[in-house]
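Welcome to this short tour of a protein model.

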Amino acid sequence: MTGFAVPEKTAAQSAAELLTWVRRESPLVHCITNDVVVNFTANVLLALGASPAMVDIPEESGGFASVAGGLLINLGTPHAERRAAMEVAARAAADHGTPWVLDPVAIGALPVRTALAHQLRDLGPSIVRGNASEILALAGAGNGGRGVDAVSSVDAASVVAVETARKTGGVVAISGPVDLITDGTRTVRVANGHELLTRVTGGGCALGAVMAAFAAVEQDRLAATTAAVLVYTIAAEQAAAKAQGPGSFAVELIDALYSITGDDVERRARVR
Amino acid sequence: MTGFAVPEKTAAQSAAELLTWVRRESPLVHCITNDVVVNFTANVLLALGASPAMVDIPEESGGFASVAGGLLINLGTPHAERRAAMEVAARAAADHGTPWVLDPVAIGALPVRTALAHQLRDLGPSIVRGNASEILALAGAGNGGRGVDAVSSVDAASVVAVETARKTGGVVAISGPVDLITDGTRTVRVANGHELLTRVTGGGCALGAVMAAFAAVEQDRLAATTAAVLVYTIAAEQAAAKAQGPGSFAVELIDALYSITGDDVERRARVR
Amino acid sequence: MTGFAVPEKTAAQSAAELLTWVRRESPLVHCITNDVVVNFTANVLLALGASPAMVDIPEESGGFASVAGGLLINLGTPHAERRAAMEVAARAAADHGTPWVLDPVAIGALPVRTALAHQLRDLGPSIVRGNASEILALAGAGNGGRGVDAVSSVDAASVVAVETARKTGGVVAISGPVDLITDGTRTVRVANGHELLTRVTGGGCALGAVMAAFAAVEQDRLAATTAAVLVYTIAAEQAAAKAQGPGSFAVELIDALYSITGDDVERRARVR
């Protein structure tokens, strides 16, 4: 599991290989996420072959984060007890080397989660995932989106993403029509995906959990994040081809994540 | 956007027009709703073209309610922190002119939510939505249903609905085989819908969110509420025609809300 | 409604009969369950013909548990307020003779829920449902699974299940490739089901709610639990035959629970 830093291996080949590893290892993915998407997120992970566990009280989240394969902290619906669980889990993950993903949902305009996001950012998340508005707000630039929408473009945020990656020492991924993934040195753009992903709640949030699953089986964070984006957005394309609308799309996406092959990924990947 | 108070425009024509407005404006709909239906509610709004945001902590809900296009307060699973968020949000909505919907889920027998419903009612919700039992209990008559079931008939509650609408200065909508919508002066009955709506959790709750979306683009609350009921219940009929049971019905309903046209609404509306 | 203790009635015949009763009586099933599966659980109960009500605050859960037909307490996402609601509800159920199901999700490694599970166990749940790891951990043997996975075999746990049933005075059901159900004296094994049930979050949790629904219409706890397992796992087989993956499986399962007949149950039951 070297990842595509090795010249002769493409990002798509690496993603195909890591997909096999996720299914073989079935990594335990600890999720502290919002009430809206928690069911969809668990089903996405199960379909992919990972083992989700939603442990979101502070008395349990620290111990669990230290043994999990990966951790997702998603800031939507940040109830007080869940916020405490996030802090405990992030510290435990940092202490025990558990790779962890921070998804700063709708920060900027909303005060509690914005402050918490800045605090968590300083603990050095392995991966930060958000839309352009959120990545700008996490860096203290811009003031976030309207709710969970993306109003800033990925390109405008790419400079900030590189800076943030250098500060956190991890990867920053910006979701958009073309996804941007950077570790501060290397930058990858993935042009796969489908507009229907923005019409299903959790379309983005669940991707954060998939990143945690891939990070559990691959130490090169850029390779892991890119693989997660490729597998997820290509599955979304397969789902969209069969869907009549966002309802059937969500169902087909789960099915596609269950059946997608490494060949599908290699054949359809659009990496720049 | 005048609504069907204008004599020459029918309720169905108004609904078709407002559907276009919801899709064009994509209003930000702030939802404080219960854990059971929050995912389905967000997906209903996204399918329709609105922008849902579930902001349910008191430190964030006031500021958000003052900038949102519409607000839904649904009393299911009323955890303490969420109850505080509801009060703050309702006051902010009232102060800033944000239209807001109160859905007094299962009040009557259950003490905490019943007291809270009465308190929120006195803040003057723009729209109250419930089944007959809940509308009776909100008025202090009857003692609510068994859980979230409707045991009182819509007709028995219609007099109380008119009285409640006069007191709140808003609209009251009673869900049932025939929906009744009144602003205390004008009363509309909509005979669209399907029995499968009662076999999917959130079938009624999500309608409250749709009402908030329509109220965000139409100041005539009766027109907005009627449009929401028509679009939602006609989409339900379209979904039921394709469904094999409540599982596929829920999926088809999301798809139908995505694809329903103004023509569909005008052709199928059964308004009395 | 005697159940299959009567020699001439098989477990499958009893299950078919009880299915009719659940649909006729539409028992009110009070659920205190986790955020991940609460929507799916409600939809499973509605599809089956029962009336779910998710009442999970301590001020409301006691009164509700005393009037409900059955109660489910599921320990996933055990937030402090919900834990308090569980204790109040379990005591009320015990006091008022409401049959109640305890599902000790992921206990063993996770401290808060493990302590709570032991406390609730001592209140004498009518039915305990879990995988082998959880049943072992509930008895104080083993130390639970990794998250919500089952790592101990059903057979290894069967002796412990019999002991636990004798201590609680209720039924213990272990989910696995072959489900084991015992009341400490009689033991039934059900070989129905499908692997896809483990690929949908709530696949097991929702079964606990179904057990509460059947227990609401049948005093013989072993017959009620066996009927719940048979109806649910046979519906899962019907769903799997139509599904393309876990996404469509979950949808088909809801549809199957809506349309499954007593004949289906009698024809397909594999009881040992």
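## A first pair of side chains

Let us start with Glu195(B), which is partly exposed at a relative accessible area of 42%. Here buried means under 20% relative accessible area, exposed means over 50%, and partly exposed lies in between (1.4 Å probe, protein chains only). Arg199(B) is partly exposed too, at 22% relative accessibility. Glu195(B) and Arg199(B) form a salt bridge, with their closest N and O atoms 3.7 Å apart. A salt bridge is a side-chain nitrogen of Lys or Arg within 4 Å of a carboxyl oxygen of Asp or Glu.

A word on the ground rules: this is a predicted model, in which local features need pLDDT of at least 70 and side-chain atom pairs count only at pLDDT 80 or more, while totals for chains, interfaces and linings use all residues. Residues are numbered from 1 along each chain as its sequence is written, chains are lettered from A in the order in which they are written, and side-chain values use heavy atoms, with hydrogens and water left out.

## A network of charges

Over all chains, the count comes to 36 salt bridges. One of them joins the side chains of Asp35(A) and Arg82(A), at 2.8 Å from N to O. Asp35(A) sits in the loop between strand E1 (28-32) and H2 of chain A, and Arg82(A) in helix H4 (residues 80-96) of chain A, so this pair ties together parts that are 47 residues apart in sequence. Helices (H or I, at least four residues) and strands (E, at least two) are DSSP runs, numbered from the N terminus.

Which residue of chain B does Asp35(A) form a salt bridge with? The partner is Arg82(B), with the closest N and O atoms 3.3 Å apart. Arg82(B) lies in helix H4 (residues 80-96) of chain B, so the pair joins two chains. Both ends are buried: Asp35(A) has a relative accessible area of 7%, and Arg82(B) is at 2%. A network of salt bridges links Asp35, Asp56 and Arg82 of chain A with Asp35(B), Asp56(B), Arg82(B), Asp35(C), Asp56(C) and Arg82(C).

## Where the chains meet

Now look at chain B and chain C, which bury about 2100 Å² between them, 57% of it on carbon and sulfur atoms. Buried area is the accessible area (1.4 Å probe) that two parts lose on being put together, summed over both. Chain B gives 29 residues to the contact and chain C gives 27 residues, where contact means heavy atoms within 4.5 Å. Three salt bridges are counted between chain B and chain C. The side chains of Arg82(C) and Asp35(B) also meet in a salt bridge, at 3.3 Å from N to O.

Chain A and chain C touch as well. Pro111(C), in helix H5 of chain C, is partly exposed at 45% relative accessibility. Pro111(C) touches Glu59(A) and Glu60(A), not counting residues up to four places away in sequence. Glu60(A) is among the buried residues of helix H3 (residues 58-67) of chain A.

A cavity is a set of points on a 1 Å grid over the protein atoms alone where a 1.4 Å probe fits but cannot get out. The largest cavity has a volume of about 660 Å³, a volume being the space filled by probe spheres set on the points, which are joined across faces, edges and corners. Of the 30 residues that line the largest cavity, those closest to its centre include Asn39(A) and Val251(A); lining residues have an atom within 4 Å of a point.

Terms used
1 Å grid on protein atoms, 1.4 Å probe; cavity = no way out; pocket = protein on both sides within 12 Å on 5 of 7 lines; lining within 4 Å.
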